[in-house]
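Please brief me on this protein model, topic by topic, in plain terms.

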Amino acid sequence: MTQALSAMAPRAGPARSLVSAVLFVGISTVAALALEPLMADRPTWLVLTVAVLASAWASGVLAAIFATAASAIVGFLLVETPFRDMDHLVHAAGFATISIGIVLLTNRLSHWRRAAHVHEIDAGEHSRKAHETAEELALLIDGATALAIYMLDEAGRVAIWNKGAERIKGWKEEDVLGQSASVFYPHDDVAKGKPDADLDRARTEGRFREESWRLRKNGSEFLADVTITPLYDEDGRLRGFGKVVRDITDEKAADRAIETREAQLNSILATVPDAMVVIDAEGTMLSFSHAAQKMFGYTESEVLGRNVSMLMPSPDREAHDGYIARYLQTGEARIIGSTRRVMGCRKDGTLVPHELAIGEATGAGERVFTGFMRDLTEKEATAAHLKELQAELIHVSRVSAMGAMASTLAHELNQPITAVVNYVQMAHVLLEDPDAETVAEVREALADAASESLRAGQIVRRLRDFVARGEVQKRVEDLPKLIEEACSLGLVGLKEHGIQTRNAIDPAASPVLCDRVQIEQVLVNLIRNAAEAMAESPVRELTIATALEGPSMVRVTIADTGPGLDQEVAAQLFQAFLSTKTEGMGLGLSICRTIVEAHGGKIWVDTPADGGTRFHFTLMHIAPEDRDAG
């Protein structure tokens, strides 16, 4: 009965249950009436019990209840005296007990069936989800083609094999399943028992990872990153080992190449004379080269992670972060991409002049700035010393020039001194018997003596100023006056050699910015050279001219009527120690070029077609508005 009831159809609705109950009760009633002549009243309740059971089987609990009620009514109607016959009452009680039992059992079985159906549905859903999860996990594992992911059983044989393992190791799944993991190890490692030792170590440590060589199916080796994890079930029983293998051969080769390049770069940075400092967008120092350590006196550990402003003196130290912020906001590069001279601050507080060039780079979304610094301390000290030597050489050149002119200057000074002596002697004679006329002559003689004395004093003063050693001091000078003073020295004694001078001074080509003594030295040198060049010429004419040269320069020209210069000599004329004179040292024109270029000008020579030589040099012209602005 239980098995029959457990196979019952799903519970029907009230109408269907009522129809089913009436149908089965009706059939049972007909059967009871048909059997009554043979078995008297005994089968009535038994047959009606079958109707209840059939209703429960066909339509469920509700139909069984309807059938029980209908069967009870029919049972009492079919018996003439149901309440007087004790046998019929016993049969009715038995019928009621069995029917109630059938109803209760049917209800319980229905509940069990529904619960089983729900569990079946849940189990099917869980099975479906588990199947989908397994498929997704398999897709995920197979999708990790860069990793060989496979499982070993507890004996170390391959149980699961993914596509990545097939790609990396070369074995297909059907070829490798069931094989020992030792086939993946080099022969030397197998001989040493490493495959089993690795599994034992993973079992002992809980997880084992190493970098070692493994074999492919074709026999080639590759460097692998291997991770082995023991897998246990809920009861703690070892089920196998999970292995993840990654081919790192190319990666390690790239790392070694990077390490080699870094070592080479560090070697270069350690030997180049220029200091290098790398900072981020916040001004924090990220790199500090060996040359930078030597230049500023800090070690790398003392500066890394600190702001680069610590290498700067005030006020740049306080303003540097603002410079970076302004550049990051506006993109306006004021220093980046250019080179300029700046001052740095050493660890001991002393200042270090250096040439700074800054470059910018962007990597991984972050900006870094690299500063290359060239220490100018020795260079500027050398330049200062060279400047002192040049000044000394220029001074020596002036003294040498005056030494060469000593006899001429002595002759020039002898004339006014002799005149003074004569005038004083004549006054002395006239004053022996003075009268009004002689007193007037004495006054005139003394006035002439005073004039000649001033003339001699002027020559001595100019000579003293010319040979004096002093600092270069550029001032605004009146060019015609400067040329006049230079001629007073350079033209001494030239008239006695038949040399005629002619000045062609442009009043507009004045004033100029220069050091008066040095430019007088250039003029005296060129004038004396011109005079010596014309010593054998039939026509001896010296011309000194000035003119404007562009908007900001003045050209001074000293021309002679000598034999001129050979083109080859003219091309090398301003080189040191090159002279056209038999007794010359070849420094005069070289010094002239040094002086003129230090004044921002240039000097050159040309030979006119009609003969002679012309030397030209330029000086900075100071226009009236420039002086007003100053």
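The structure holds 0 disulfides, and the model behind this count is a predicted one. A disulfide would need a pair of cysteine sulfur atoms within 2.5 Å.

**Cysteines**

- Cys345 is buried, because its relative accessibility is 10% and the cut-off for buried is under 20%.
- Cys592 also falls under that 20% cut-off, so at 2% relative accessibility Cys592 counts as buried.

**Overall make-up**

- The protein has 630 residues, and 36% of them count as buried.
- Its secondary structure consists of 21 helices and 17 strands.
- Among contacts with a separation of 6 or more, 57% are between residues 24 or more positions apart.

**Second largest pocket**

- Rolling a probe the size of a water molecule over the atoms shows where empty space is left.
- The second largest pocket contains about 660 Å³ of space.
- Its lining is made up of 29 residues, and those nearest the centre are Met312, His320, Ile335, Leu356 and Ile358.
- Two or more lining residues come from each of the helix α13 (316-330) and the strands β6 (275-280), β8 (339-345), β9 (351-363) and β10 (366-375).
- Helix α13 supplies the largest share of this lining, with 7 residues.
- By residue class, the lining of the second largest pocket has 18 nonpolar, 6 polar and 5 charged residues.

**Glu210**

- Glu210 sits in strand β3, which covers residues 208-215.
- Glu210 has a relative accessible area of 16%, and because buried means under 20%, Glu210 counts as buried.
- Leaving out residues up to four places away in sequence, Glu210 touches Lys194, Asp198, Ala224, Asp225 and Val226.
- With one of these, Lys194, the contact is polar: the side chains of Glu210 and Lys194 meet at 3.1 Å.

**Thr377**

- Thr377 belongs to helix α14, which covers residues 377-404.
- Thr377 is partly exposed, because its relative accessibility is 32% and that class lies between 20% and 50%.
- Apart from neighbours within four places in sequence, Thr377 is in contact with Arg346, Val352 and Pro353.
- The side chain of Thr377 makes a polar contact with the side chain of Arg346, at 3.5 Å.
- Met295 is 82 residues from Thr377 in sequence, while their C-alpha atoms are 9.9 Å apart in space.

**Cis peptide bonds**

- The peptide bond from Ser314 to Pro315 is cis, and its omega is near 5°.
- Pro315 is part of the loop between α12 (300-303) and α13.
- The peptide bond from Ser510 to Pro511 is cis as well, and its omega is near 0°.
- Pro511 lies in the loop between β12 (500-504) and β13 (512-514).

Conventions:
Residues are numbered from 1 along each chain as its sequence is written. This is a predicted model: local features need pLDDT of at least 70, side-chain atom pairs count only at pLDDT 80 or more; totals for chains, interfaces and linings use all residues. Side-chain values use heavy atoms; hydrogens and water are left out. On a 1 Å grid over the protein atoms alone, a cavity is a set of points where a 1.4 Å probe fits but cannot get out, and a pocket is an open set with protein on both sides within 12 Å along at least five of seven lines; lining residues have an atom within 4 Å of a point. Grid points are joined across faces, edges and corners, and a volume is the space filled by probe spheres set on the points. Helices (H or I, at least four residues) and strands (E, at least two) are DSSP runs, numbered from the N terminus. Ala, Val, Leu, Ile, Met, Phe, Trp, Tyr, Cys and Pro count as nonpolar, Asp, Glu, Lys and Arg as charged, and the others, Gly among them, as polar. Buried means under 20% relative accessible area, exposed over 50%, partly exposed in between (1.4 Å probe, protein chains only). A polar contact is a pair of N or O atoms within 3.5 Å; within protein, one must be able to donate a hydrogen and the other to accept it, and residues adjacent in sequence count only if both atoms are side-chain atoms. Contact means heavy atoms within 4.5 Å.
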